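Good morning, and thank you for making the time.

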Amino acid sequence: MKNTPFDRRALLRGTAAGLGSLLAAPALARAGLAAGPQGLADLPHFPPRAKRVIWLHMAGGPSQLDLFDPKPKLVELDGQPVPDSYTKGERFAFIKGTPKLLGSPYAFERHGESGAEVSELLPHTAKIADQLCIVRTMKTTQFNHAPAQLFMSTGFERIGRPSLGSWLNFGLGSGAYDLPGFVVLLSGAYAPSGGNACWSAGFLPGVHQGVRFRSAGDPVLFLSDPAGIDPAARRRSLEALGRLDRLRDHGDPETETRIAQRELAHRMQASMPGLLDLAAESPETLALYGAKPGEASFAGNCLLARRLVERGARFVQLYDWGWDSHGTAPSDDIIESLPARCRATDRAAAGLVTDLARRGLLEDTIVVWGGEFGRTPMNERRNGSTYLGRDHHPHAFTMWFAGGGFRPGLTFGETDELGYFPVGPSVDLHDLHATLLHQLGVDHERLTYPSQGRDFRLTDVSGVVRRELLA
Amino acid sequence: MLSPSLLLFATPLLGGGATPPEQPRDLAAEVRPLLAKRCGVCHGPDAGTREAELRLDQAADLFGDRGGYRVVVPGDPADSELWLRLTDPEDPMPPEGEPRLEPHELELLEAWIASGATWSEHWSYVPPTRPEPPVVEDPAWPRNDLDRFVLARLEAEGLTPSPPADPTTLARRAALDLTGLPPDLATLDAFLAASERDPDAAWTTLIEGLLASPAHAEHQAAAWLDLARYADTNGYEKDSARTMWRYRDWVIDAFARDLAFDEFTRLQLAGDLLDQPSTDDLIATGFHRNTMVNAEGGTDPEEFRVAAVMDRVDTTAAVWLGATMGCARCHTHKFDPITHDEYYATFALFNDTADDGNALAPTIPAPTAQQSLDLIELEDLVADREARLTRPDLELDVAQAKWEAELLALPAAPAPELGPWQATEPHQADSFQAAFEGATPAEAQVLAGADPFRGFAPAWELIPELVDGEVLPLSGDRSAFLFCREVHSERPQDLRLSLGSDDGIKVWLNGIAVHTNPAQRAATPGEDVVDVRLPTGRSLLLVKVVNGGGPGGFVFEAGPVLPDGLAPGDLALLAAPERSDADSARLRRLFRSQHTEAGAAAATELATLNADLAALRAAIPTAPILQPAMEPRATHVLAGGNFLAPLDAVGPGLPAAFGPPADEMPTDRLELAAWLADPRNPVTTRVVVNRMWQRLFGIGLVATVDDLGSQGEPPSHPELLDWLAVELVESGWDTEQLLRTILCSATWRQASVLTPELLERDPQNRLLARGARYRLTGEALRDVTLAAAGLLDRTVGGPSVFPPQPDGTWAMTYSGERWDTATDGDRWRRGLYTFRRRTAPYPTLALFDAPSRELVCTSRARTNTPLQALALWNDPAFVEAAGGLARLVLGELPAGDDAARIDLAFRRCTSRWPSAEERGVLLDLLTDERARFVADPERAAALVASDVLETSAVQRHGEVETAAWTLVASVLLNLDEVLNRE
């Protein structure tokens, strides 16, 4: 195909005046009434199983060995030096010398009809075991937080690539008419180490980047009008502004786009308070999540995620900080800190799945739970610390998936006796991305975007749809 | 199928507006990228994946005899192997599994062969020559040669240019293009009046005034900083602050001096390699020190050093060569002639510097011009007072001889016994501050009473290398070094410690702190003198030296406490048969400062002057620089771009396609810079003028400004591009001259009104049948708004500033650094001075598509989103601007004439007068809002109290009036016309 200005490459570069028209067309067509920006015309590539994703990212890397992957042998060998054969040539973030094995102090039981093994730290998750597809052999290539989080969210370990949520909004459209289609919610003391780059649009048009709802102040930047400008006054100034812009009509379609975007902004001002008002939920629902209106928390974020997808949001990304259980102090060990993180999140994560299921939303919503990597079978003992903790571990860790056509009740993958390496098949992150895109009706090899002289895709040059994980 | 001749001259389908190819159609230009894209992987530049030893990107393979057949026989498709293989019914190329060629692609190839298969190198690899400006049908329209290229094309397309924009619009456009600010009304009115008399002279005056303004240099710099990926933080996880603004100010200054672009290039790429580079030359090399630095635990500095060098290669390629070289990090470029080896040859040019991947060093002190003057003045004063204390003076020297004799007669004191030194492993912290203030484990233990001579962990070890009076070199950034020794005294007595340290030092005697000095300095003996009182028996002396960065050191001497400030060792000096000049000076200083009145005065002054000098030196900012490494590094090709997987060694060079002949390949950065400015270099001039065109017209003559290679778009006006390129070189790389040429052209001066026909025919304005209209950058939006409101602070340069941003923007990262919101004029500085944190960009700039500056950005997106609307309403800068504009018009014009005030506010925002209808809309809004505020005065009070502006205007005009005008001002500042360059 020739490079006419209306070919995709030219339009998508975003330098062209045409970009505004691309974004504006739906807004114009619907005169600000129905739906938000649409995706590409040729998507979905095939009928999707799922329409949206809620991703619960436990930032820091939760300890799979204390939560989902029981290792009796490791308990038996607790305190013994790790055999050389495991650690030869390994690079660790913090461990030095020959570390000693650390058995999990927590009890595991089989749950539900599927008999999935879940630790006592996650009693609520255990109750929904039959709805989960648990993968114990996830693997990554990165062992530091920022690159590992970037790899998980953008498919590449360094900044600059679009995140999964951005790809989905770009390809499938936002799905929401008075809200951003890609929302990021944070809980815990800090943001993830990868920072904004985890929800960056990379080289895609900036409009597709994740919008972080802030837990203090305006949930969306600059949402609140100054004191003294009430909604009616804003409305009147918008009317005057629109009239003046049209009087000056320069023939540029961007002007109409701007008027439409102002209207959308005004609708967001109106819709956002209702969206965020968790008090509108029944006491029973609040209890299901363990959420309290007016209190920022992971539980509140889970409930907000449900309210967002109900209103059409395509991708809701939660980050919960505090899973980096090194064991340098009680605040990051597996005896005090890890159970505390579990208590703060377990009920809400299970509540979210249950709530989506009873509302009929789980069928076409994928819930993802997991961190950027796992943790070592060895005690880290940094600087001789006496607190128990584990270093970063990229070779095998656990994630779970619920809804959206993932096979419920499946526990996939097996690790060796120490939980160090996979035995048999494992799932890398490109496979994970390919599989998620597949469920959303997207062929991961066909959703591409030109940048720096070539077409890029989320899965780079690999990725296999892992049908064995699917129902 | 169309006949070849028909195809050859067919006007391509415009598909709603187009980049129509030249007339007649240049088939070779279309065939080259087609072959590259469809066949290039197996039959392209990459020898690793090449099949059948056939390259379809080279004339030799395409047309040469290949043993009985030829790939292409010009004029004869049926005899051309290419055509036969593509159309083979049994086994057509491309092979099974690869996508088939589309019918129109086959048609193109057939037509090309049939019409003679002309072949030319890719256009951007052939050096530009000055094209003859074409003959046009309407000789009256062109104002200069540039216009003839544009008009000839329009005439060929059957289009006519738009009429010129009105003078007000032109003045605003010129001001926005050249300074990023609207014209102030006085300049505008003067220009409009002068235009009545002599439009050309008025125009020249206006343009020259704008070009000479500091705002012009700032605006040019703002654009360059995207290419330089300038930021105020290090990037990656920690993303801590760095002092980088001296580079930013160097760029502003370079534009203010109208530095020729070839020199501008040379200084930034290789200022450190000049003979005796000046401080400014070194600051310029900050261009490539804008790479990120990763200080995260567990990272390998080499990994991030390599990443930084790759970034330098990719950035240089994007900025000067219009090439996307990144692909060739891992493998030979599939479409462009850049091999894997050539990538690393280019890498070798940049692999020569001393910086590593996890620290900002090397840096230099980079005083501002004012600081340099102050420094010279203070140093002169110090030298003068120093001379008064130390120059030979017969009378004083005689008196001194007597004093010396008396001192030598003093009885010698019994000396305490000093034991050997012990030390522990250095202890590294996150900062000098942390290392200095925080206790190391050993320090804490000793201060808690543990005895380092009685064995405990961490281990203390004897260090015989530390000899009294000699500097012991220390190495380790942000590291604390602990030393201790025993002292035995037979009776209580004073001991004078004479210390030197690089950098800070703390001393404890028997667990009690006796000296603390967080100095940043080199270690020389006697920098600090401390007297301590020794008890009878054993004492324990503990010393902590903290090195901030670079080399460190420690030197110690001890001796009896002597009169007149004499140091241990001075007595020996007195007795020595000969004295060095330095020793003479030292003794004269001691004597005169304590035994003569004039000397005492000079010494007092000197102390003050030295303190001032130290304060000034401490205030001098630093600048990271490129600096050749001590040891040359070998460069290897890296498999898959992985720094742990080196392959063969390569020497420095450039890809052959855009480098000089093989025997002239650059071997260092200086030669690289020379080649970039060499007239034989085909790409650089085109890249530079194309980027300038993009900034003025919203889109480049080549739309893909970072890619003039085979996968980039062909130029819309190839001859114009070449003409501009040649003009640039022949002007001595004077980019300002080029701006003049463009701004004086009829092309640039056209009105930007879009007719439905033009929108349909040419939505991107590639044919230039109208002026350009596009949204301003985030920085310019801020600046224009603050300028309209009369709030803009025009201070040029200095450290980056912290205007208001929403709380929590920075709570994102681990860093303890704080955003201290400016409460002075810095609140309203131009956008380019806003502090740039890479991982938490200033929200409103990011919302308007400013890049995060992690990587080079050659062209910004221009999105149009609802979040932007919210920012324009409610970002404090814009709220304050509305309040400021309201106060300004209320103060400047008397009450009672709303229309006059509307007109003033309107002109401040748009530069033009409102139409009667526009004025009517605004008056209606004002009247209505005023009435509503009268009815609800609390709301008015709330609105005027919602900004930080001074309140005297409110008292003078009343809350209701101020509130009503604030609302009107907010509407004006949000006009689409204000947000766009028209």
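Let me begin with a question: which residue in E13(B) is the bridge partner of B:Arg496? The partner is B:Gly559. Before I place that pair in its sheet, a word on conventions. This is a predicted model, in which local features need pLDDT of at least 70 and side-chain atom pairs count only at pLDDT 80 or more, whereas totals for chains, interfaces and linings use all residues. Residues are numbered from 1 along each chain as its sequence is written, chains are lettered from A and ligands numbered from 1 in the order in which they are written, and side-chain values use heavy atoms, with hydrogens and water left out.

Helices (H or I, at least four residues) and strands (E, at least two) are DSSP runs, numbered from the N terminus. Two strands pair if DSSP finds at least two bridges between them.

The sheet in chain B is open and has four strands, in the order E6-E13-E8-E11, with antiparallel pairing. Its edge strands are E6, residues 472–475, and E11, residues 528–534, each of which pairs on one side only. From one strand to the next the twist averages 30 degrees; the axes here are lines fitted to C-alpha atoms, for helices over the stretch in contact, and angles run from 0 to 180 degrees between N-to-C directions.

Let us walk across this sheet. E6(B) is joined by four bridges to E13(B), residues 551–560, and the two run antiparallel. In this pairing, B:Pro473 stands opposite B:Gly553. E13(B) is in turn joined to E8(B) by eight bridges, again antiparallel, and this is where B:Arg496 and B:Gly559 belong. Finally, E8(B), residues 493–502, pairs with E11(B) over seven bridges in the antiparallel sense, with B:Gln493 facing its bridge partner B:Leu534.

Some backbone details deserve mention. The peptide bond between A:Leu43 and A:Pro44 is cis, with omega about -5 degrees, and A:Pro44 lies in the loop between helix H2 (18–29) and strand E1 (52–59) of chain A. In chain B, a cis peptide bond joins B:Met93 and B:Pro94, with omega about -10 degrees; B:Pro94 lies in the loop between helix H4 (81–86) and H5. A:Phe222, although not a glycine, has a positive phi of about 60 degrees.

I turn now to the interface. How many residues of chain B are in contact with chain A? There are 91, and they touch 76 residues of chain A, where contact means heavy atoms within 4.5 Å. The buried area is about 7200 Å², of which carbon and sulfur atoms give 59%; it is the accessible area (1.4 Å probe) that two parts lose on being put together, summed over both.

Seven salt bridges are found across the interface, each defined as a side-chain nitrogen of Lys or Arg within 4 Å of a carboxyl oxygen of Asp or Glu. One of them links the side chains of B:Glu929 and A:Arg236, at 2.6 Å from N to O. Several helices of chain B each supply at least two residues to the side that touches chain A, among them H5 (103–114) and H37 (959–973). Helix H34(B) gives the most, with nine residues.

That concludes my survey, and I welcome discussion.
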